[in-house]
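Let's take a walk through this one together, part by part. Keep the viewer open and follow along.

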Amino acid sequence: MLGYAQPHMPQGTGMNRQSLLPSFLPSRRAWHMIARCVTALVGGYAAAAGIASLGARLLPIARVEATLWGMILSFLILASFGLWAFHERSLLKVALVIWGSALLSAGLTIAIGSRP
Amino acid sequence: MSLETGLISYAALVSLALAVKKHRPAPPLPAMPSPRTARLIGWLLLAAALIVAIWRVGPSQGLVAWIWQMCVAGALFVLLQSWRSRLALTLAVPSLLLAPLLMMIGA
Amino acid sequence: MSKAASDEKGLRQSMAWIHTWLGLLAGWILFAMFLTGTASYFRPEITRWMQPELHLAPVAPRQAAETAVAHMQATSPDDLQWYIYLPDDRTPETRIFAMPKPDAEAKAPRKRRAEINLDPATGEPLNARETRGGEHFYRFHFQLQLPHPWGRWLAGLCAIFMLTAIISGVITHKRIFVDFFTLRWNKGQRSWLDAHNVSAVLALPFHAMITYTGLITLFVMYMPWPIAANYPKPAAFYTDAYGTEPDGKALGKAVPLQPIGPLVDAASREWQGGRPRTIVIRNPNDAAATVTILRSGAERLNARGESITYSGATGAKLTQSAPPGPALTTAGVMLGLHLGNFAGPVLRWTYFLLGLTGTAMVGTGLLLWTAKRRKPGARPFFGFRLVERLNIATIACLPAGMAAFLLSNRLIPAGLEGRAELEVKAMFWTWFGMAALALLRPVRRAWVEALALSAAAFAALPLVNMATTDRGLFASIAGGDWLFLSFDGAMIAIAALLGFGAWRAGQVKTAPASKRRTPRPTAMPAVAPAREAADVA
C-alpha cells in the first residue's frame, strides 16, 4: 500500500537511517517531508505567481489580455510544480528548481517594472 | 429542451460497451451487433448526438450539452448495468427511439 | 525492467501517493463544497421554495425597471448610486439597494443601504419571511462559513488540491479504458475502487472543468500578481477587464432623470433582443447622471455580460463595453461553465447530476482510504479511527444539516426576528451535533443511524411543507406548481438515496468479502488478481 506502509521517497529522505534525535521530535524523514510540503505549496505558489507575472509582463499583446492569460494559466503551473515536487526524489533539486524559479521570475518581473 | 443528446449518447455508450468482450452478455441479446460493428455504431451515435445538440442550441452550448449529457448517460448506464445488466443494455433501444420523437415534438 | 518502464512505474507510484494524501487532506471540505455547490445550481429555486408566501407573476424587464426606479425616486432620490437587479425566468422579484452620498459631517465609512426585494409589477416592497435561501448553500460552498477572507482561501487551497488530485489520479489509473464501464457490488475494497473510478472517469470532463473554473471564479483574489506586473494602479485593470467606469462626479445641477423604459428597450435592441439584467444609476436627478445597463448572462456561455452606459439627463448613449479579447472571453466562458446560468431546465438537471457524481467521487475516495486500511480483528490505529469518524461526520451528517436548514425554514415562525440566522444555525447545530453524537455509537451503527436520520429529515420535508404551507404536494399537483412539485420530488428522491445508503451500510456488516450475490456471468468475468492488485496500489 503506497503512502501508508511504503512511501515513495525512501532514498532521498533517508528513512532507513536510525535517527539520533529524541523520539518526541520529528524524525529527519519527517523534516524532509515538511520541507517538501512547504516547497510544493508555498514555493510552488511563489513560482507560479512569478512565472505568471513575468509571462503577463512580457507577452507582446494588450496588457489586459496578457494579464488575464497569466492569471488563467497560473493554476496549471502551480499544479504542475506541486506534482513534480513529490515525484522528484531529490529534495535538494526540488527546492533549487522551485525556489529558484520563484526568485528568478519574481526578481525579473520586479527589475523590468510595470508596463508604462 | 435537449434531452435527445443524452438519449442518443446512452445508446452510443451501450454500443461501445458491447464492443468490449467482458461487457457482452453471455446468452446473447436477441439482436446484437458484432464487436466491430458495435464500436462503429457507438462512435457514429456519439457523433449524431453532437450534431443534434449543435442543431438544437448552437455550437458552443451544444458542445457543452453534449459532453455533460454524455457523462451523465455514462454514469446512469454503469449504475444500471451493475444492477440489471441486460436491462441496461436493452434500454438503448427505447432511448434511441425516444430521441427522434422528442426532436419532433420540440422542433 | 527497462529504464522507461521503471520510470513509468515510479511516476505512477509517486502519483498514487500524492493522490491518496491530497485527496484525504482536502476530502472532507471538498465533499461539503461539492454537495452544497451542487445544491446551488438551484439557488433561485431554493430561495423561492423558502418564501412560499410569494406568488409573483413574471414581468417584462422594462416594467420591472420602471417600477423599481419609481420606488427609488420616492424613497431615496438623492442617493449616490442605485443598483437594480431585474427579475428573470428564475428569479421573480426585483432586488434593489442604494448607496447614499458620503456624509461629510459624520465621516462614517460609506455604507450601502439594506437590500430590498420589490414586487416587479407594482414596485412595492415584498412582505415575505426573512431567509438566506439558496444563497446560503452558494456562499457556504466557497466561503465555508468562515470569516473573510479565510473561507475563500481555504476553499481555494482545497480546489488546488483537487486539481492536483485529478491530474495525479489520471496518471495513476492506468486502466481507464479497460475499466470504463466496470462497477462491481459486494466486493469490499474492490467495489469502492470501482465506484471511485467510475464516478471519477465518466464525469472527468466535468470534474476537471468545475475545479479549474472554480479557481478562476476567484482568481483576482488568488492570483493578483500578474495585475501588479502590468498595472501600476489595479483600478485600471478592472476598468480594462470589466468596464467599471471611473466614478463620475455630480455637477450639482438638478436635471430630472430620463424615463428608464426607453433606455432598457434601447439596450435590448443593441443586443439583438438580449435581456438586461442589472441597472446601475449614478448621481440620479443630476446633470451628470449615468445609467449603466448590464446584459444578462443567462442566455450565453460567457457569463461576463456586456454593458452600455447612457446619460441619465439626456438619454444619449455615452459608452459601450468593447468586444472582449480571447483571454477575457476565456475567463468569461470559464465562469459561465462553472455557474451554469446559461443552462435551461434539462441541462440544469444534468449539471445537478454531474455535481452529485463529483460528490460521489470525493465520498467514495474517502471511503476507499479506510476500506484499503481496514484489518479485520486488529484494533485500528488512531489515524484510521479519525478518518473513519470524519467520514461519518461529513458524508452521513452533512445531508441532515442541509435538510435541517430547509426544515427550520418551515418550522421557525415566519415573523420571528432574526430567523434567517436561526435557519443557518439549525444547519450547523444539526450537522456538528449529529457528528458528535455519532461518536458515541460503534462505527457501523453510526453509519446506519446517521444515514437513516438524514434520510428521515429529507423525507420529512414534503410532509412538513404540506402541514405548514398551502403549497403541499397535492396542491402542487392540482395547481400545476412545477417548482414545488419538483422540489418535493427531489426531496423524496434524496431521502430514498440516503435510505438506500443506510440499508447498504447495515447489510455489509456480515462480511465485506463474502459474495452474497454471485455476479452474473454475463456481467463481468473475473480479472486476473495480479492485475487487480497492481491497480489497487
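Contact, as used here, means heavy atoms within 4.5 Å. With that cut-off, 20 residues of domain 1 of chain C are in contact with 13 residues of domain 2 of chain C. One thing to keep in mind throughout: what you're looking at is a predicted model.

Domain 1 covers 12-50 + 137-242 + 328-373, while domain 2 takes 61-130 + 244-320. Taken over C-alpha atoms, the centres of domain 1 of chain C and domain 2 of chain C sit 34 Å apart. The size of an interface is often given as the accessible area lost when the parts come together. For domain 1 of chain C and domain 2 of chain C, that buried area is about 1400 Å², with carbon and sulfur atoms giving 53%. On the domain 1 side of chain C, the residues that lose the most area to domain 2 of chain C are C:R48, C:Y242 and C:F342, which together make up 31% of what that side buries.

What about the polar side of this interface? Between domain 1 of chain C and domain 2 of chain C there are four residue pairs in polar contact, counting pairs with both residues at pLDDT 80 or more. The rule also finds one salt bridge across the interface of domain 1 of chain C and domain 2 of chain C. Elsewhere in your viewer, pick out C:E45 and C:R90: their side chains meet in a salt bridge at 2.8 Å, N to O. As for which helices do the touching, α2 (43-49), α10 (234-242) and α12 (326-339) of chain C each supply at least two residues of the side of domain 1 of chain C that touches domain 2 of chain C. The largest share of that side, seven residues, comes from α12(C).

Together, chain B and chain C bury about 2600 Å², and 72% of it is on carbon and sulfur atoms. In chain B, the residues losing the most area to chain C are B:K22, B:Q61 and B:W68, together 28% of what that side buries.

Here too the rule finds one salt bridge, across the interface of chain B and chain C. B:K22 forms a salt bridge with C:D179, and their closest N and O atoms are 3.6 Å apart. Between chain B and chain C there are also four residue pairs in polar contact, with both residues at pLDDT 80 or more.

Side chains of opposite charge can pair when their charged atoms come close. By the rule used here, the count comes to 27 salt bridges over all chains. In one of them, B:R56 pairs with B:E4, the closest N and O atoms being 2.4 Å apart. B:R56 lies in helix α2 (residues 35-57) of chain B and B:E4 in helix α1 of chain B, so the pair ties together parts that are 52 residues apart in sequence. Buried or exposed? B:E4 counts as buried at 2% relative accessibility, whereas B:R56 is partly exposed, with a relative accessible area of 23%.

In chain C, the side chains of C:R132 and C:E421 meet in a salt bridge at 2.7 Å, N to O. This pair links distant parts of the chain, 289 residues apart: C:R132 is in the loop between β3 (116-118) and α4 (134-143) of chain C, and C:E421 is in helix α16 (residues 419-438) of chain C. C:R132 counts as partly exposed at 33% relative accessibility, and C:E421 counts as partly exposed at 38%.Another pair is C:R295 with C:E299, whose closest N and O atoms are 3.5 Å apart. C:R295 counts as buried at 15% relative accessibility, while C:E299 counts as partly exposed at 32%. Salt bridges that share partners also join B:K22, C:R175, C:D179, C:R184, C:R190 and C:D194 into one network.

Last stop, chain A. Chain A has four helices and zero strands, and buried residues make up 43% of its 116 residues.

Conventions:
Residues numbered from 1 in each chain as written. Chains lettered and ligands numbered in written order. Predicted model: local features only at pLDDT ≥ 70, side-chain atom pairs only at ≥ 80, totals over all residues. Heavy atoms only, no water. Buried < 20%, exposed > 50% of the residue type's maximum accessible area, 1.4 Å probe, protein only. Domains from an automatic or database assignment. Buried area = accessible area lost by both parts, 1.4 Å probe. Salt bridge = Lys/Arg side-chain N within 4 Å of Asp/Glu carboxyl O. Polar contact = N/O pair within 3.5 Å; in protein donor to acceptor, adjacent residues only side chain to side chain.
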